[in-house]
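Subject: Structure handover

Hello,

Here is the structure I promised. Please load it before reading on; my notes follow below.

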Amino acid sequence: MTRTLGRTGADVTILGYGAMELRGQPRGPEITDEDAGRLLNAVLDGGINLIDTSPDYGRSEELIGSYVSHRRDEFFLASKCGCLLEIPADTPPPYPHDYSPKNVRADVEQSLRRLRTDRLDLVQVHMSPSVAVLEDNHTVETLRELQGEGKIRFIGMSGILPDLPGQIALDVFDAFQIPYSAVQRDHEDLITEAADTLIRGGAARGAASEEKNWTTGPLTQAPGLGQRNWETSGIEDLIADAGIGKQEFIVRFTLSHPALSTTIVGTANPAHLASNIALAEKGPLPSDLYEEAKKRLPGPAS
């Protein structure tokens, strides 16, 4: 299933691939270059046509360039800007960001080299800077210059509260990447306002699955909050009656948001990739189940 991504006019699959898990250790799982290459080709072979990466994601851009740049016309390629050219050693994320013209341009040039491509389909401003920071650094103007040079096609924002409403109001971004899932609904109404959105965290990092059992939770959310939202809502009885597993419910809940274009799911595990593709192929939840689930799970104002 495909949907149009924001103002880009591009049709993207409702499941996208996020390459953060290819960053390697110590921040990501251990993975060999060859296994990363097999996984990236399995992404495309599985029908996914959007790959999202970032200079912040370790070697992910280089791996994409090495192993699927020869298939460049098969996928919509999104990266980020504002990232430091070199990830600080011994510094945990989130890393410092620099939205100046010099650094934004350097990010794009570096990404083009690493990804072995002549254009980036979407460059998203990373880590949700305020409107004031964007204006002080002439960030949007720099991206438009790069757009005019043919190095990037569209401009996006990876945004979160509290700055997301102001970013939307600027009316300059072609697409927004926003965190959202059944256990992280803070941005639900803003996703509707942004329209045709890339959603990250739509599988809640597998938190509800038996394998992880809430040992991890959604990024940008206080530890334990997602689990409390889940366990106090009565949602398990609802989905048990519907005959749907926990992880299937979470993925398909995300897919049910009418303003979603794609949900970006990242993994370094081929079995998890295949499972996510199978779940996405089932599409959104039945409308009655979706509406009842929204009544039970804490919403944006909770």
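The second largest pocket has 15 lining residues. Nearest its centre lie Thr216, Gly217, Pro218, Pro223 and Gly224. Its volume is about 150 Å³. By class, the lining holds six nonpolar residues, eight polar ones and one charged one. Please keep in mind that this is a predicted model.

Next, the barrel. Eight strands close it, in the order β3-β4-β5-β6-β7-β8-β9-β10. Their pairing is parallel. From one strand to the next, the twist averages 30°. As background, strands of a sheet pair through backbone hydrogen bonds, in either a parallel or an antiparallel way.

Now the helices. Two packed helices are described by the angle between their axes and the distance between those axes. How do α1 and α2 cross? Helix α1 spans residues 33–45 and helix α2 spans residues 60–68. Their axes come within 9 Å and cross at roughly 70°. Angles of 65 to 115 degrees count as roughly perpendicular, and α1 and α2 are therefore roughly perpendicular to each other. The crossing of α1 past α2 is right-handed.

- Leu161 and Pro162 are joined by a cis peptide bond, with omega about 10°. Pro162 sits in the loop between β7 (152–158) and α6 (164–170).
- Arg116 has a positive phi, near 55°, and is a residue other than glycine. Arg116 belongs to the loop between α3 (101–115) and β6 (120–125).

Best regards

Notes
Residues numbered from 1 in each chain as written. Predicted model: local features only at pLDDT ≥ 70, side-chain atom pairs only at ≥ 80, totals over all residues. Heavy atoms only, no water. 1 Å grid on protein atoms, 1.4 Å probe; cavity = no way out; pocket = protein on both sides within 12 Å on 5 of 7 lines; lining within 4 Å. Points joined across faces, edges and corners; volume = space filled by probe spheres on them. Nonpolar A, V, L, I, M, F, W, Y, C, P; charged D, E, K, R; others polar. Pairing = 2+ DSSP bridges. Helix = DSSP H or I, 4+ residues; strand = E, 2+ residues; numbered from the N terminus. Axes fitted to C-alpha atoms, helices over the stretch in contact; angles between N-to-C directions. Parallel < 35°, antiparallel > 145°, perpendicular 65-115°, else oblique. Left-handed = near helix turned anticlockwise from the far one by under 90°.
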